[in-house]
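Open the model in your viewer and keep the selection tool ready. Each stop below gives you something to select, then tells you what is there.

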Amino acid sequence: NDAASAFTRFLEMGVEDFVVSSIANLIIAQRLLRKICSHCVFEDNLDSVLIEKIKERKDVLEALEKREKGLSLKINEIKFKKGKGCEHCFETGYLGRVGIFEFLTMNKEIHDLILKHESSEKIKKAALKEGFYDMISDGLAKVFQGKTTFNELLRTTKSN
């Protein structure tokens, strides 16, 4: 599901903790999101149903606040791009794919957490202290760049 859980998954598969902590230097996780169709793109405010879905996602709210303090409170005032639907995208509003990624680099603290068989949540918290940029943050960047939509971000990522 994410880069931090890769370490614990190795342990669950029976790989020795010292092996996992010594051979893994970088873990990359990715998801593919549908891109907004460039032929029928337009800007609009988010609808109330989508705003409620965003408010239910603690991880998305935290990423919005990390991006800009108070952003989660004024999300309903911002216009975002989305696709209307046309013959190019078969009336879906999406055409093509864009990736969202996270890169988790091994450090001393993460190494020690793996040896203690700590949870992926603790590993992720340790990585976040070091400036870890997760998939939600990367996805939000692509929403604000107009490459994809909040609907796609919510659909393809899980709540923590």
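Select F7 first. Leaving out residues up to four places away in sequence, F7 touches V20, A24, I27, L104, M106, I110, I114 and I123. Keep in mind that this is a predicted model.

Now widen the view to the core. F7 is among the residues with the most contacts inside the largest nonpolar core, together with L104, I110 and F150. That core has 38 residues. Which helix gives the largest share of this core? Helix α1 does, with five residues.

Next, select helix α1, residues 3–12, and helix α6, residues 120–129. Their axes come within 8 Å and cross at roughly 140°. Angles over 145 degrees would count as roughly antiparallel, so α1 is oblique to α6. The crossing is right-handed.

Show side chains where these helices meet. From α1, select A4, S5, F7 and T8. From α6, select S120, I123 and K124. By class, this contact has three nonpolar, three polar and one charged residues. The pair F7 and I123, from the opening stop, touch here.

Move on to G93. Find it in the loop between β3 (79–83) and β4 (94–105). Is G93 buried or exposed? It counts as buried, because its relative accessibility is 1%.

Display what surrounds G93. Neighbours within four places in sequence aside, G93 is in contact with K35, I36, C37, C40, G83, K84 and G85. Last, draw a C-alpha to C-alpha distance from G93 to V41: 7.4 Å in space, although these residues are 52 apart in sequence.

Key: Residues are numbered from 1 along each chain as its sequence is written. This is a predicted model: local features need pLDDT of at least 70, side-chain atom pairs count only at pLDDT 80 or more; totals for chains, interfaces and linings use all residues. Side-chain values use heavy atoms; hydrogens and water are left out. Axes are lines fitted to C-alpha atoms, for helices over the stretch in contact, and angles run from 0 to 180 degrees between N-to-C directions. Helices (H or I, at least four residues) and strands (E, at least two) are DSSP runs, numbered from the N terminus. Angles under 35 degrees count as roughly parallel, over 145 as roughly antiparallel, 65 to 115 as roughly perpendicular and the rest as oblique. A crossing is left-handed if the near helix is turned anticlockwise from the far one by less than a right angle, and right-handed if clockwise. Contact means heavy atoms within 4.5 Å. Ala, Val, Leu, Ile, Met, Phe, Trp, Tyr, Cys and Pro count as nonpolar, Asp, Glu, Lys and Arg as charged, and the others, Gly among them, as polar. A nonpolar core is a set of buried Ala, Val, Leu, Ile, Met, Phe, Trp, Tyr and Cys residues joined through side-chain atoms within 4.5 Å. Buried means under 20% relative accessible area, exposed over 50%, partly exposed in between (1.4 Å probe, protein chains only).
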